[in-house]
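Let's take a walk through this one together, going from a strand to the cores, then out to the charges and rings. Keep the view open as you read.

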Amino acid sequence: MKLKYSVVIPLKDEEDNVEILISEIEPVMESIGEDWEMICIDDGSTDRTRSILEELAETKSFLKPLFFDKNYGQSSAFDAGFKKAVGEYIITLDGDLQNDPKDIPKLIAKADNADMVCGCRLNRKDTFTKKITSKLANKVRGKICRDNMKDTGCSLKLYRKSCLEKIKLFDGMHRFLPALFKNEGFLVIEVPVNHRHRQHGNSKYNFLNRSFNTIADMLAVRWMRKRRLKYKIKQETL
């Protein structure tokens with residue numbers, strides 16, 4: 001069955017956040033007045049995240065959880081959710097409550113004029129170390145990938161499903177989806193969104209896995225950008 005929107009959320013040890021997040025997203029999506037679904041991917045959680053999802057799925061028909069047998073990482077979680085999704089548009093959020101579901105309509109309002117709409121966090125509610133790490137990573141990424149994006153680390157995004165199907169993800173590459181979309185000639189725009197303090201749980205990322213470990217990925221994206229095929233057919237005969 002074809003739907004208008006699929007909401008895709010990767011989760012890793014978010015037992016204190018998952019029920020709150022779903023309760024926030026549901027009224028926002030219902031207010032839009034289109035058919036939708038929510039796909040939550042449990043990425044090998046060791047807390048009660050899985051059991052909470054199973055309980056919620058019994059009463060919420062829109063909720064379609066996926067459960068990994070172990071932790072595979074955020075790129076794998078996104079990829080599994082993207083492949084299961086049947087919506088014309090796919091909306092992604094983090095599971096830590098820092099993305100504000102009330103911003104979803106802002107992305108949807110721009111969907112007709114873009115292939116990907118990215119949230120740009122203007123007033124970050126992170127620790128000083130995380131802010132510096134993110135600023136450094138964004139600066140390095142911008143220099144290498146030349147994607148002209150201010151904030152690719154924000155998981156609040158909207159994708160046109162038909163475009164997303166043309167992108168092959170590799171481990172760690174979810175961070176560079178705007179650049180990969182642009183490599184394919186798709187239109188990517190940013191809109192300002194809210195950012196909230198993390199209330200429960202701990203960040204799964206640190207200075208090393210958000211910067212140094214991604215340099216090879218950035219170089220790969222740059223290589224793909226430079227080596228993409230650019231031919232045009234002047235005339236075709238039958």
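Predicted model: local features only at pLDDT ≥ 70, side-chain atom pairs only at ≥ 80, totals over all residues.

Start with strand 5, which runs parallel to strand 7 (residues 188-193) and is joined to it by 6 bridges. Strands and helices here are DSSP runs (E of at least two residues for strands, H or I of at least four for helices), numbered from the N terminus, and two strands pair if DSSP finds at least two bridges between them.

Residues are numbered from 1 along each chain as its sequence is written, and side-chain values use heavy atoms, leaving out hydrogens and water.

How buried is strand 5? 6 of the 6 residues in strand 5 (residues 116-121) are buried, so the rest of the structure largely encloses it. Buried means under 20% relative accessible area, exposed means over 50%, and partly exposed is in between (1.4 Å probe, protein chains only). In a regular strand, side chains alternate between the two faces of the sheet. Here Met 116, Cys 118 and Cys 120 point one way, Val 117, Gly 119 and Arg 121 point the other way, and all are buried.

Now for the nonpolar cores, meaning sets of buried Ala, Val, Leu, Ile, Met, Phe, Trp, Tyr and Cys residues joined through side-chain atoms within 4.5 Å. The largest has 33 residues, and Val 7, Ile 9, Ile 22, Ile 25, Met 38 and Ile 91 touch the most other members. Strand 1 (3-11), helix 1 (18-32), strand 2, helix 2, strand 4 (87-92), helix 4 and strand 7 each give two or more residues to this core, and helix 1 gives the most, with 6 residues. Zoom in on Ile 22: leaving aside residues up to four places away in sequence, its contacts (heavy atoms within 4.5 Å) include Met 38, Leu 53 and Phe 62. A second, separate core of 27 residues includes Val 8, Met 116, Leu 180 and Val 221.

On to the charges. The whole structure has 11 salt bridges, each a side-chain nitrogen of Lys or Arg within 4 Å of a carboxyl oxygen of Asp or Glu. One of them joins Lys 64 to Glu 37, at 2.8 Å from N to O. Lys 64 is in the loop between helix 2 (49-57) and strand 3 (66-67) and Glu 37 is in strand 2 (residues 36-42), so this pair ties together parts 27 residues apart in sequence. Lys 64 is partly exposed at 29% relative accessibility, whereas Glu 37 is buried at 2%.

Arg 160 and Asp 115 form another salt bridge, at 3.1 Å from N to O. Arg 160 belongs to strand 6 and Asp 115 to the loop between helix 4 (104-109) and strand 5, so parts 45 residues apart in sequence are tied together.

Finally, the rings. Phe 78, Phe 82, Tyr 159, Phe 181 and Phe 186 are linked into a cluster by ring pairs, where rings of Phe, Tyr and Trp (its six-membered ring) pair if their centres lie within 6.5 Å; planes under 30 degrees apart count as stacked, over 60 as edge-to-face and the rest as tilted.
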